[in-house]
Amino acid sequence: MTTNNTQTNSFENRCRVVLVTPPLSDAAKLTTQLEQALSGGDVASVILDTTNADETQFQAFAEKVVPLIQQAGAAALILNDTRIAGRVGADGLHIEGNQETVAEAIERYTPKLIVGTGNLRDRHSCLAIGELQPDFVFFGKIGADNKPDAHPRNLNLAEWWAQMVEIPAIVQAGSDMQSIIAAAETGAEFVALGACVFQAENPAEAVAEANRLLDENAPQFES
């Protein structure tokens, strides 16, 4: 998965942060939190959660924050809603659906948009999705990072995937920032942070801490 940032930097040789916003409730507050988070350090991409959102309200929110995300050098991805993604100029889609839905999105929108998928629960489903050649796979479910540690199943699948498949992987960390270490140790290219950033008192400091932990603990990729 690529971002709009074309500059070469040290982050390219290790696992990078993907932010996952909470469901939209207070647009002004979430916009401020996202601005703060993006100012805290390297972020590869942001997945905007459309769960239970009013379409008009979410589109208005996305129209404001997608440019902010892109100006920060990150890719803006929309959860499931292809229409809003097109309307707001997003960089891509994160599809949580069955194999047929994912296949349709890949066929219709790539290479114009980044298209990835997640909520994969076993190796068989992973391999079936892999045959579709998405731009990334996400080990976890959007909004499911409600426990301190990353889910063991996600860690195991991500480690297995990273060892045998070239399609980039995102693995979901837990609600405790320290869980980013175990997530990065799987060898996945990206680690998804939601609750531990957007429930933090200072999202900028949370992202800075995430990058510090990755600098100190994430394995280096072969160049």
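Asn119 is partly exposed, with a relative accessible area of 26%. Here buried means under 20% relative accessible area, exposed over 50%, and partly exposed in between, using a 1.4 Å probe and protein chains only. Asn119 sits in the loop between E5 and H5. Its phi is near 60 degrees, a positive value in a residue other than glycine. Helices (H or I, at least four residues) and strands (E, at least two) are DSSP runs, numbered from the N terminus.

This is a predicted model, in which local features need pLDDT of at least 70, side-chain atom pairs count only at pLDDT 80 or more, and totals for chains, interfaces and linings use all residues. Residues are numbered from 1 along each chain as its sequence is written, and side-chain values use heavy atoms, with hydrogens and water left out.

**Backbone features**

Asn52 also has a phi near 60 degrees, positive in a residue other than glycine. Asn52 belongs to the loop between E2 and H2. Its relative accessibility is 80%, so Asn52 counts as exposed. The peptide bond from Thr110 to Pro111 is cis, with omega near 5 degrees. Pro111 lies in the loop between H4 and E5.

**Salt bridges**

A salt bridge is a side-chain nitrogen of Lys or Arg within 4 Å of a carboxyl oxygen of Asp or Glu. By this rule there are seven salt bridges.

| Pair | Closest N to O distance |
|---|---|
| Asp215 and Arg14 | 3.0 Å |
| Lys141 and Glu96 | 3.6 Å |

Asp215 and Arg14 form a salt bridge. This pair links distant parts of the chain, 201 residues apart: Asp215 is in helix H9 (residues 203-217), and Arg14 is in the segment before strand E1 (16-20). Asp215 is partly exposed at 47% relative accessibility. Arg14 is buried at 2%.

Arg16 lies in strand E1, and Asp42 in the loop between helix H1 (27-38) and strand E2 (45-48), so the pair ties together parts 26 residues apart in sequence. Arg16 is buried at 12% relative accessibility. Asp42 is buried too, with a relative accessible area of 8%.

Lys141 forms a salt bridge with Glu96. The two are 45 residues apart: Lys141 is in the loop between strand E6 (136-139) and helix H6 (152-164), Glu96 in the loop between strand E4 (92-95) and helix H4 (99-109). Lys141 is partly exposed, at 35% relative accessible area. Elsewhere, a network of salt bridges links Glu55, Arg83 and Arg87.

**Asp49, buried without a salt bridge**

Asp49 is found in the loop between E2 and helix H2 (55-71). Asp49 is buried yet has no salt bridge; the nearest side chain of opposite charge, Lys141, is 8.8 Å away. For charge, Lys and Arg count as positive and Asp and Glu as negative, while His and the chain ends are not counted. The side chains of Asp49 and Thr51 are joined by a polar contact of 2.5 Å. A polar contact is a pair of N or O atoms within 3.5 Å; within protein, one must be able to donate a hydrogen and the other to accept it, and residues adjacent in sequence count only if both atoms are side-chain atoms. Contact means heavy atoms within 4.5 Å. Not counting residues up to four places away in sequence, Asp49 touches Thr21, Pro22, Pro23, Leu24, Phe58, Leu79 and Ile142.

In H1, the buried residues are Leu30, Thr31, Gln33, Leu34, Ala37 and Leu38. They cover an arc of only 165 degrees around the axis, which puts them on the same side of H1. The arc is that of the directions from the helix axis to the C-beta atoms. The buried residues of H1 pack against E1, E2, H2, helix H8 (195-198) and H9. The face turned away from the buried side of H1 carries the exposed residues Ala28 and Lys29. At the start of H1, a side-chain oxygen of Asp26 comes within 3.2 Å of the backbone nitrogen of Ala28.

Helix H5 (residues 123-130) has Cys126, Ala128, Ile129 and Gly130 as its buried residues. Their cover includes H4, strand E5 (114-118), E6 and H6. Asp122 caps the N-terminal end of H5, with a side-chain oxygen 3.2 Å from the backbone nitrogen of His124.
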